[in-house]
Amino acid sequence: MIPLPRPAPAIFLALLALLPACAPMEKREVTGALTYRPRIALPPEAEVEVSAQGALGTRLGENRKATGGAQVPLPFTLSIPPGVSGTLQAVIHVQGQPRWLAEDLGFEAGSQPLDLGTVVLQPATPLDFATRFSCGDTPADFGVLDERATLRVEDRKIPMRQEKAASGARYVAEGGEDTVFWSKGDAAMLRLQGRDLPECTRADRPPPYRASGNEPGWHVDVGAQRVQVVTDYGARTRSAPRPPIQTRAGGYRLDLPGIPATLTLEETLCRDSATGMPHPHRAVLELPGQRLQGCGGDPMALLTGGPWRIEDVAGGGSIDRSQIRITFDPRGRVTGSTGCNRFFGPYTLTGEGLTLGPLATTMMACPQALMDQERRVLQALEAVRRFDRDATGALRLMGESGDTPLLTARRP
């Protein structure tokens, strides 16, 4: 056998140059400046932490650095993958403890640089780090920060102080013994103004991320540790350890070689073919010989992530500069302003629709035009039964039937 001549180094390098390059994914720059209202100087050891989170709990980017004695406003830059939405959190730490905080600042998907402008931080409170409990039908949030503790239940915030206990952690309301919160692991006992509520259990653990499709029926549940793939209308179930989530431009990918399967998620609005409910992702499940399509993600992600500015009420517009706003909290609470008074209460999102209330309001008197607008806003909120997002990203809150929105809102 006659050996073939080896290519010269120069020729070899030229051949390599012809191969397609595996370039790293381009990044999207998110910038802004952090500040707070009180005139309080930061100590030299203060640190700033800015992070962004996407779907499936994916950390999109993080930046933490010492202030070095600098004072607000503090500029920041964060690099994230393009084409995905998420929420941003900013914290100023003093002596290792969170002192100033802004969280759940939503940003839309895109590829162009994003300037968030001035982000105003608020003093960190125990409820910013609260655990949600369900005490029968009564939700309760309990949070501890430094030596401060706060209980939020039935729209009340109750400062608590810790007392010695033989087991667990026992807290009593400041100024009285009739409200007691006693936690033991994932369970707790709550006495509210002398009334014993049913045993409280933790309810803050997020449900698995679900992608699903119809005809043939299938779904994929991505949990904290494992992924379950169910196909053929539930006739076949396979499970595998949760793999690392691959973040790509415009979406995510999960490779499950043990099943084998691949789940690809594209960041684009997807409506369920059976119910019409909007979802944040278009999903594709690839199995040997099959390619199944559907939707993925929690519809709640299309509501939460910061305030919405209501620009139209039942087709009648809104009063200029009246600042009608609505905010959906991930924990099932809605707050906002009618342009006159503030409103607050629960909201319920199911596979079939969205309902708000019962809502409570403050009782401030305003000019008659604003009072009339407030009445129209509250009537519209009470009639909401579903929601959608249009091609421009606007939020459309709608009634039982028809495509005309009761309220139309946009991000500020």
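**Note on the disulfides and their surroundings**

1. The torsion about the S-S bond of C135 and C200 is about 105°, so this disulfide (a pair of cysteine sulfur atoms within 2.5 Å) is right-handed. The pair links distant parts of the chain, with C135 in strand β9 and C200 in strand β17, 65 residues apart; strands are DSSP runs of E, at least two residues long, numbered from the N terminus. Both cysteines are buried, that is, under 20% relative accessible area with a 1.4 Å probe, protein chains only.

2. The model is predicted: local features need pLDDT of at least 70, side-chain atom pairs count only at pLDDT 80 or more, and totals for chains, interfaces and linings use all residues. Residues are numbered from 1 along each chain as its sequence is written, and side-chain values use heavy atoms, with hydrogens and water left out.

3. Strand β9 spans residues 131-135, and four of its five residues are buried. Three bridges join β9 to β17 in an antiparallel arrangement (strands pair if DSSP finds at least two bridges between them). Within this pairing, C135 stands opposite C200.

4. The whole structure holds three disulfides. A disulfide joins C270 to C295; its S-S torsion is about -70°, so it is left-handed. The link of C340 and C366, with 95° about the S-S bond, is right-handed.

5. The largest nonpolar core has 45 residues, and those with the most contacts inside it are L263 and L285. Such a core is a set of buried Ala, Val, Leu, Ile, Met, Phe, Trp, Tyr and Cys residues joined through side-chain atoms within 4.5 Å.

Note on methods:
Buried < 20%, exposed > 50% of the residue type's maximum accessible area, 1.4 Å probe, protein only.
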